[in-house]
Amino acid sequence: MSEQILEIFNVLNFLNSGYELEDILNEGNFGTFPSAEDCIQYLVKEGYLEGDVEAIASASDDNGELTAEEVSKKYTVAELKDILRENGLKVSGKKQELIERVLPVLNGESESDEVTLSDFDKSYDLELTDKAREFLKENDWIDLYMFALVAFRFEDYETYVKGSSEDNIKTALNFCDEILSRALVANQFLVFIDALSAKAHVYAYDGDYSSFLDYDLQRYILGLNPIYMDAQTYATYDVINEANIINLKNVLEKLEMGSLKKRFDKIWNKSSIHSITVPKKTCYKILQRAIAGADIEELNFDLKEKYFNKKFGI
């Protein structure tokens, strides 16, 4: 049920933000529904969307498999034989035999009865109901989850939210802090840096880009100086995370955040690195190169060759 709540929220939230229904259906993930159209039909049935309800129900019926009774009413014997002939099938026998023979063809190959996403969007003018707006209001924490916390299980965060008396931002920050603490104890370094990145994005969601920059810088610094790293983790490890660099670059380009070097020095000292893998000066120079557009894959290769392979026993 948790996954379905997430899907419902995303569809309603995008519609409420002015997105076209076709775009939502084409891009969305509807794992708990047989199809995107089934999700929309569910939202109409449950009172979240209102519009041409009868047309939607009709589309649903048309999109389903034809029954023998429906084929009998819709086609004459001559028409059935024409369909069978066109598909290289036997045309002899009574009408019931023809129907049984033609059913797989009509249900498996006919495209005329299909309701496409484009047809769905153009045919129905659907609007959010008061129930939908109340649902979005009650579950507004999901929007923050989608923005900052998707690296972690939705069910885990849903349970955490239900047990918190804080506002959405404080709840999300506390959630990140708990993951950071547990990851340190369990030597789960990848989880640790994912939580740093998540915490940075929570601050960005709240409009605090100074804190965002601090935590994303810490994620970069510790990426080059892992607190813990075993051979299995290292096998697929990217020293520099490309998304991390893009985030840093975007904030630095769009906002006046002061001296990057002074901020870098502050975060380096705050990170309390006990085992340096890549020296501080080198870390900063590589950061400058990455932000300036250097090839991240090449930088990763060079870093592993010079600093990581020997240290981690590869």
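Buried means under 20% relative accessible area, exposed means over 50%, and partly exposed lies in between (1.4 Å probe, protein chains only). This is a predicted model, in which local features need pLDDT of at least 70 and side-chain atom pairs count only at pLDDT 80 or more, while totals for chains, interfaces and linings use all residues. Residues are numbered from 1 along each chain as its sequence is written, and side-chain values use heavy atoms, with hydrogens and water left out.

**View 1. Helix H1 is mostly covered.** Helices (H or I, at least four residues) and strands (E, at least two) are DSSP runs, numbered from the N terminus. Helix H1 covers residues 2-16, and twelve of its 15 residues are buried. Among the buried ones are Ile5, Leu6, Ile8, Phe9, Val11, Leu12 and Leu15. The buried set also includes Ser2, Gln4, Glu7, Asn10 and Asn13. The expected span of a helix is 1.5 Å times one less than its number of residues. For H1 this should give 21 Å, and its end C-alpha atoms are 21 Å apart, which agrees. Just after H1, Gly18 has a positive phi of about 100°.

**View 2. The largest nonpolar core has 86 residues.** A nonpolar core is a set of buried Ala, Val, Leu, Ile, Met, Phe, Trp, Tyr and Cys residues joined through side-chain atoms within 4.5 Å. Leu12, Leu149 and Leu287 touch the most other members of the largest core. Helix H13 (residues 189-205) gives this core its largest share, ten residues. Another core, of twelve residues, lies apart from it and includes Leu66, Ile83, Leu84 and Ile99.

**View 3. The surroundings of Leu287.** Contact means heavy atoms within 4.5 Å. With neighbours within four places in sequence left aside, Leu287 is in contact with Leu217, Tyr220, Ile245, Leu248, Leu260 and Phe264.

**View 4. Asp214, Arg263 and Lys266 are linked in a network of salt bridges.** A salt bridge is a side-chain nitrogen of Lys or Arg within 4 Å of a carboxyl oxygen of Asp or Glu. The closest N and O atoms of Asp214 and Arg263 are 2.7 Å apart. Asp214 lies in helix H14 and Arg263 in helix H17 (residues 260-271), so this pair ties together parts that are 49 residues apart in sequence. Asp214 counts as buried because its relative accessibility is 13%, and Arg263 counts as buried at 12%. Asp214 also forms a salt bridge with Lys266, the closest N and O atoms being 3.3 Å apart. Lys266 is in helix H17 too, so its pairing with Asp214 in H14 ties together parts that are 52 residues apart in sequence. Lys266 is partly exposed, with a relative accessible area of 46%.

View 5. Lys162 counts as exposed because its relative accessibility is 67%, whereas Glu158, at 6%, counts as buried.

**View 6. Leu184, Ile227 and Tyr228 form a nonpolar patch on the surface.** Patches are made of residues with over 30% relative accessible area and no salt bridge; like charges are joined within 9 Å, nonpolar side chains (Val, Leu, Ile, Met, Phe, Trp, Tyr) within 5 Å. Together the three residues have about 270 Å² of accessible area, from the Shrake-Rupley method with a 1.4 Å probe; for residues, only the protein chains shown count as cover. Ile227 is in the loop between helix H14 (209-224) and helix H15 (231-234). Ile227 counts as partly exposed because its relative accessibility is 47%.
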